Amino acid sequence: MKMLIVYGGVMSYGGMETFIMAYLRNMDVSDWKIDIVEHGEGEGVFDKELVKMGCRIFHVTPRSVSLARNMRELIQIMQNESYDIVWSHMDAANFYALKAAKKAKVPVRISHSHNTQYLTRNKIKKANLSIIKRLIPMYATHLFACSDLAGIWLYGKMPFTVIPNAIEFEKFCFYQQQREVARKELGVSENTFIIGHIGRFDFQKNHPFLIEIFKALLLKKQDSKLLLIGDGSDIANIQALVKNYQMDEEVIFLGHRTDIPTLLSAMDCFVLPSNFEGLGIVLLEAQANGLPCIVSNVVPKEVDIQGAVTFIDLAKPPQYWAEVILEKSNKRNHFDITFFKQSEFEIKKAAKKLKTILYSSIHDKEGPK
């Protein structure tokens with residue numbers, strides 16, 4: 001079986017990319033041929049690993065440069081390689097990849113929704129995306145989503161299949177030794193209260209509000225630090241805001257990190273005040289580490305596996321968030337590995353299920369053709 005995965009940028013450190021890599025690493029695809037389309041030039045952070053897996057990586061012209069060229073290149077790749085499946089991970093923009101796939105006569109065309117809002121704040125782009133997302137069912141044979149909310153947002157009343165974000169829970173367990181190592185590296189004592197956040201610096205993750213929350217928390221608990229892990233287009237603005245509030249010593253920018261399990265062990269609480277979320281892979285990782293998780297009420301409720309997640313209305317002031325954080329962070333939550341491994345978010349089980357779905361999709365006659 002031959003499958004083409006279409007991603008809307010160059011593979012970086014983000015939720016969609018983490019989702020794709022987790023499933024590819026845990027599905028037995030030794031008898032498959034899987035290729036990747038990335039939009040734009042440059043090497044993605046996972047490209048070398050993908051090539052070792054046997055994937056070929058095609059780079060196409062971004063739509064922002066030339067929509068016509070983008071479509072021609074997509075169609076040419078799909079026609080030349082005769083794929084059985086095209087699996088698109090661009091939310092509303094799945095329309096373009098699936099239209100190209102139908103033109104190339106690819107039999108199985110999968111749209112995957114990872115969010116509950118548009119990633120752009122440009123009004124013209126949002127208006128265009130709101131139109132084309134309604135056309136996705138005309139070109140898709142199968143509709144996937146990472147959560148119920150993500151599916152409803154992209155597909156409305158059309159039936160869809162939830163393919164959950166999933167992780168290897170054992171990898172993210174809490175270890176006291178990791179905590180000590182990380183805190184020593186950070187120059188932070190055991191008594192210091194550490195709030196953690198992992199996410200790209202953009203509108204979705206709502207970093208300005210997170211800084212306001214932390215500012216309010218410092219008034220209640222002075223010996224506190226905020227760890228910000230990730231990068232993105234808004235990072236300079238957030239750094240300027242931190243400097244303006246004279247919190248340079250308290251807010252630690254760590255950039256991209258590959259030692260996430262160790263850093264989670266260093267934290268006392270995980271905060272995610274996102275403006276929107278498809279599900280939130282980082283919340284699965286934080287729960288596996290036993291961290292109390294304080295999140296906005298727009299995060300899908302199914303992410304709360306064991307009752308360790310507290311949902312707060314984004315309309316609540318930063319002072320209220322700070323109070324809840326301190327109230328909920330008295331101790332680490334008990335991690336029941338058996339319970340977690342039985343959940344739908346366990347990657348080996350989820351990957352096995354997805355492989356079955358993909359195999360059966362070749363013979364699935366349902367859905368628009």
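**Aromatic pairs and charges over rings**

Phe19, Tyr23, Trp87 and Phe144 are joined into a cluster by ring pairs. The model is predicted, so local features need pLDDT of at least 70 and side-chain atom pairs pLDDT 80 or more, while totals for chains, interfaces and linings use all residues. Residues are numbered from 1 along each chain as its sequence is written, and side-chain values use heavy atoms, with hydrogens and water left out.

**Exercise 1.** Classify the pair of Trp87 and Phe144.

*Solution.* Rings of Phe, Tyr and Trp (its six-membered ring) pair if their centres lie within 6.5 Å, and planes under 30 degrees apart count as stacked, over 60 as edge-to-face and the rest as tilted. By this rule there are 12 aromatic pairs. For Trp87 and Phe144 the centres are 6.5 Å apart and the planes stand at 80°, so the pair is edge-to-face. Because Trp87 belongs to strand 4 (residues 85-89) and Phe144 to strand 6 (residues 142-145), the pair ties together parts 57 residues apart in sequence; strands are DSSP runs (E, at least two residues), numbered from the N terminus.

**Exercise 2.** Which ring lies under the charged end of Lys301?

*Solution.* A charge sits over a ring if NZ of Lys or CZ of Arg is within 6 Å of the ring centre and within 35 degrees of the ring normal. The charged end of Lys301 sits over the ring of Phe311, 4.7 Å from its centre.

Definitions and conventions. Helix = DSSP H or I, 4+ residues; strand = E, 2+ residues; numbered from the N terminus.
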